[in-house]
Amino acid sequence: MLITYFLSFLLLYRYAAIFVVTFLSSLVLPLPESAFLMAAGAFASQGYLEYPEVIAVGLAGTVAGDMSSYFLSRKYGKGFLMKIGFRRILRAEWFRELEENFSERAASSVFFSRFAVTWLGTTVNVLSGLAKLRLRTFLWADIAGEAIYVVAVVGTGYVFGDVWQNVSSVTEYLAGILAILMLLYFLRLMNRRRRRRKRSTVDSG
Amino acid sequence: MSNGDTGNRMKAVVAILIVALIVLAILFGRDVMNLYRSGAFRRYRPIGPLLQGNGPRGPIPDAGHIEKWMTFRFITVSFRLPTDYLKTTLDIRDTRYPNLTLDRYAKSAGLDPDTFVGAVRTDVRGYADTHPAGN
């Protein structure tokens, strides 16, 4: 199993491993970050790692990864993404709507995507960069959201100790439920906006 | 694309999401019930002292939890063994000890990893029987 390689990596390189995995996962790679942090919490409960250090390093890694993808998309922008094969997506109608919705609720989108819809985290980082969201706004929303995420996941691992693997699948289902609820909420917002636009077109016509 | 098409597509997406939500909720409920029956919720430790800085160490796990991906250092710490206990009892001469996984050591020493893990479990159980509170 892939996760066992990550667990060995964590046991061998400890805090450096936590930083590397959380950084790469927040930047772009689809790594099993939640299971990894939960394991780190469980290892802290067994005295192998220190809980405050796991939280601090995990938070530093995730925030550094988020900031990197934000800066990369802010600096290189849409032109670069189009060159590397995202032309169709970036020109799609739904993407334009997504950008408009995002600009209206940028800070809350960054905040909630850190812990409620974690698989959207990188997309939100890229959108923040493309929308040239203010650095300070992005940074504070990011730190607040990631702090909730890291403390919750590491804390769960700590509390359940050596049975953390049994709890891990439960939290994955919970994350899926939260993600769908957020998506339904987002679709509702998009629908409402579309109706409003349609109504204003009819009124002006 | 007409507004009607967009509306129908939106309804289809919402329907799929609701079905997925129901499936996930059922799986979530099933796993929570399994966890409850396994006694995992009774094993949790209070988080209060942890919030004040240093939490208490968890109980010594069962030796059956030892796996190939674990390092000697991790086993020594979490099972509260003396630093060189495994090195002495298993006659390990690898200079990378204790920062070495059981799997990697077994392969480099030409041993079957599963058999070696069994030997480590037996040694750890032997120590736990004579030192119930650990080192």
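Tutor: A residue is buried if 20 or more other C-beta atoms, placed from the backbone, lie within 10 Å of its own, exposed if 12 or fewer, and partly exposed in between. Buried residues make up 40% of the 205 residues in chain A. This is a predicted model, in which local features need pLDDT of at least 70 and side-chain atom pairs count only at pLDDT 80 or more, while totals for chains, interfaces and linings use all residues. Residues are numbered from 1 along each chain as its sequence is written, with chains lettered from A and ligands numbered from 1 in written order.

Student: Why does A:Y149 count as buried?

Tutor: A:Y149 has 22 C-beta neighbours inside 10 Å, so it counts as buried.

Student: What does A:Y149 touch, not counting residues up to four places away in sequence?

Tutor: A:R114, A:F115 and A:T118. Contact requires C-beta atoms within 7 Å, placed from the backbone. A:Y149 itself sits in helix α7 of chain A. Its C-alpha atom lies 9.9 Å from that of A:T62, 87 residues away along the chain.

Student: At what angle do α5 (residues 106–115) and α7 of chain A pack?

Tutor: About 20 degrees, with the axes 7 Å apart. Axes are lines fitted to C-alpha atoms, for helices over the stretch in contact, and angles run from 0 to 180 degrees between N-to-C directions. Roughly parallel means under 35 degrees, roughly antiparallel over 145, roughly perpendicular 65 to 115, and oblique the rest. That angle therefore makes α5(A) roughly parallel to α7(A).

Student: What is the handedness of the crossing of α5(A) and α7(A)?

Tutor: Right-handed. The residues in contact include A:F111 and A:F115 of α5(A), and A:F138 and A:Y149 of α7(A). By class, this contact has 12 nonpolar, two polar and three charged residues. Ala, Val, Leu, Ile, Met, Phe, Trp, Tyr, Cys and Pro are nonpolar, Asp, Glu, Lys and Arg charged, and the others, Gly among them, polar.

Student: How do α1(A) and α3(A), residues 51–91, cross?

Tutor: Their axes come within 7 Å and cross at roughly 30 degrees. So α1(A) is roughly parallel to α3(A). This crossing is right-handed. Among the residues in contact are A:Y15, A:F19 and A:F23 of α1(A), and A:V54, A:V57 and A:T62 of α3(A). The contact has 10 nonpolar, nine polar and two charged residues.

Student: What forms the contact between the chains?

Tutor: Chain A gives 31 residues and chain B gives 34. On the side of chain A, the elements with two or more residues are α1 (2–27), α7 (135–160) and α8 (164–204). The largest share, 14 residues, comes from α8(A). That side divides into 18 nonpolar, 11 polar and two charged residues.

Student: How is chain B divided?

Tutor: Into domain 1 (3–44) and domain 2 (63–130), with bounds from an automatic or database domain assignment. Their centres, taken over C-alpha atoms, are 41 Å apart.

Note on methods: Two residues are in contact if their C-beta atoms, placed from the backbone, lie within 7 Å. Helices (H or I, at least four residues) and strands (E, at least two) are DSSP runs, numbered from the N terminus. A crossing is left-handed if the near helix is turned anticlockwise from the far one by less than a right angle, and right-handed if clockwise.
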